[in-house]
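Visitor: Please take a close look at one packing contact in this model, and then connect it with its surroundings in the chain.

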Amino acid sequence: MAFNKKELIEEIKEQFLEEDNRRPWIVAFSGGKDSTAMLMLVWEAIAQLNEIERKTREIYVICNNTLVENPRVLQFVNKQLNKIQEKSLELGLPFKVDHTTPQLENSFWVNLIGKGYPAPNNMFRWCTERLKISPTTQYIKDKISDYGEAIILIGTRSDESSARAASIKKHEVKGERLRAHPLPNANAYAPIKDMTTDEVWTYLRLTRNPWTEDKNLEIQTLYTNG
């Protein structure tokens, strides 16, 4: 089914206004094309709600810094996060930016030099779990502890790979937008799961970014130049 921006924004608004104990939304944001497109769509949807409706739940935009990021990418992402927080406050939107980092004992250099781990490779990718998954998981667990439940918004798309498509299919609940999540008292919501890569890029090119007010030229340059 072709991407219909208006329909998707209406879906996001309906899901946000669901009576489900005001469970907070946790938006996984990396600054990449998919998470940017997802957050832009969520932003557009929430911006259309009235002041009272916007208070339905909190929205936490969470970004993980592995502490070994490419400096240029890190600068770009941090600038995006600062703009998101500033614009959200200015417009009275419920977005709150949070950062996660690995615990010291799980950091890259402690493991590589201090513990003698080999450099990550295809056979032994210890860094993904310690640097990315664990800090984000702990953050979500903390929010679940605070609120009792949480909904995690992810930019996963079926178009990315057959494995992604199979995973989405496996965890979805028939007739429901939310799907199962491995963490207790958590659900996942993937608003852009049916968008193709071309549709994501077209949306980014044709839509003004609501927190930077530009046409996403910098993110296009980063992908083009690698």
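Guide: Helix α3 (residues 71–91) packs with α8 at an angle of about 160°, and their axes are 12 Å apart. Such a pair is described in general by the angle between the two axes and by the distance between them. Here the axes are lines fitted to C-alpha atoms, for helices over the stretch in contact, and the angles run from 0 to 180 degrees between N-to-C directions. The angle makes α3 roughly antiparallel to α8; this word applies over 145 degrees, whereas angles under 35 count as roughly parallel, 65 to 115 as roughly perpendicular, and the rest as oblique. The crossing of α3 past α8 is left-handed, a term used if the near helix is turned anticlockwise from the far one by less than a right angle, with clockwise giving right-handed. On the side of α3, Arg 72, Phe 76 and Lys 79 make the contact, and on the side of α8 it is made by Glu 218, Ile 219, Thr 221, Leu 222 and Asn 225; contact means heavy atoms within 4.5 Å. By residue class, this contact comprises three nonpolar, two polar and three charged residues. In this scheme Ala, Val, Leu, Ile, Met, Phe, Trp, Tyr, Cys and Pro are nonpolar, Asp, Glu, Lys and Arg are charged, and the others, Gly among them, are polar.

The model is predicted, so local features need a pLDDT of at least 70 and side-chain atom pairs count only at pLDDT 80 or more, while totals for chains, interfaces and linings use all residues. Residues are numbered from 1 along each chain as its sequence is written, and side-chain values use heavy atoms, with hydrogens and water left out.

Asn 216 is buried, because its relative accessible area is 4%; buried means under 20%, exposed over 50%, and partly exposed in between (1.4 Å probe, protein chains only). A polar atom of the Asn 216 side chain lies 3.3 Å from the backbone oxygen of Thr 207. With neighbours within four places in sequence left aside, Asn 216 is in contact with Thr 36, Met 40, Leu 204, Thr 207 and Asn 209. Glu 213 also belongs to the loop between α7 and α8. Although Glu 213 is not a glycine, its phi is positive, at about 65°, and its relative accessible area of 46% makes it partly exposed.

The crossing of α1 past α2 is right-handed. Its contact residues are Lys 5, Leu 8, Ile 9, Ile 12, Lys 13 and Phe 16 in α1, and Leu 41, Val 42, Glu 44, Ala 45 and Ile 46 in α2. Eight of the residues in this contact are nonpolar, none is polar and three are charged.

Helix α2 also holds Asp 34, which is buried at a relative accessible area of 10%. When residues up to four places away in sequence are not counted, Asp 34 touches Gly 155, Arg 157, Glu 160, Ile 192 and Val 200. Asn 21 is found in the loop between α1 and β1 (25–28). Phi of Asn 21 is near 65°, a positive value in a residue other than glycine, and Asn 21 counts as exposed at 67% relative accessibility.

Another aspartate sits in a strand. Asp 98 is part of β3 (residues 95–100) and counts as partly exposed, at 25% relative accessibility. The side chains of Asp 98 and Tyr 139 are joined by a polar contact of 2.4 Å. A polar contact is a pair of N or O atoms within 3.5 Å; within protein, one must be able to donate a hydrogen and the other to accept it, and residues adjacent in sequence count only if both atoms are side-chain atoms. Leaving out residues up to four places away in sequence, Asp 98 touches Tyr 60, Val 61, Ile 62, Cys 63, Tyr 139 and Lys 143.

The protein chain as a whole has eight helices and six strands. These are DSSP runs numbered from the N terminus, helices being H or I with at least four residues and strands E with at least two. Of its 226 residues, 43% count as buried. Among contacts in the protein chain with a separation of 6 or more, 75% come from residues 24 or more positions apart.
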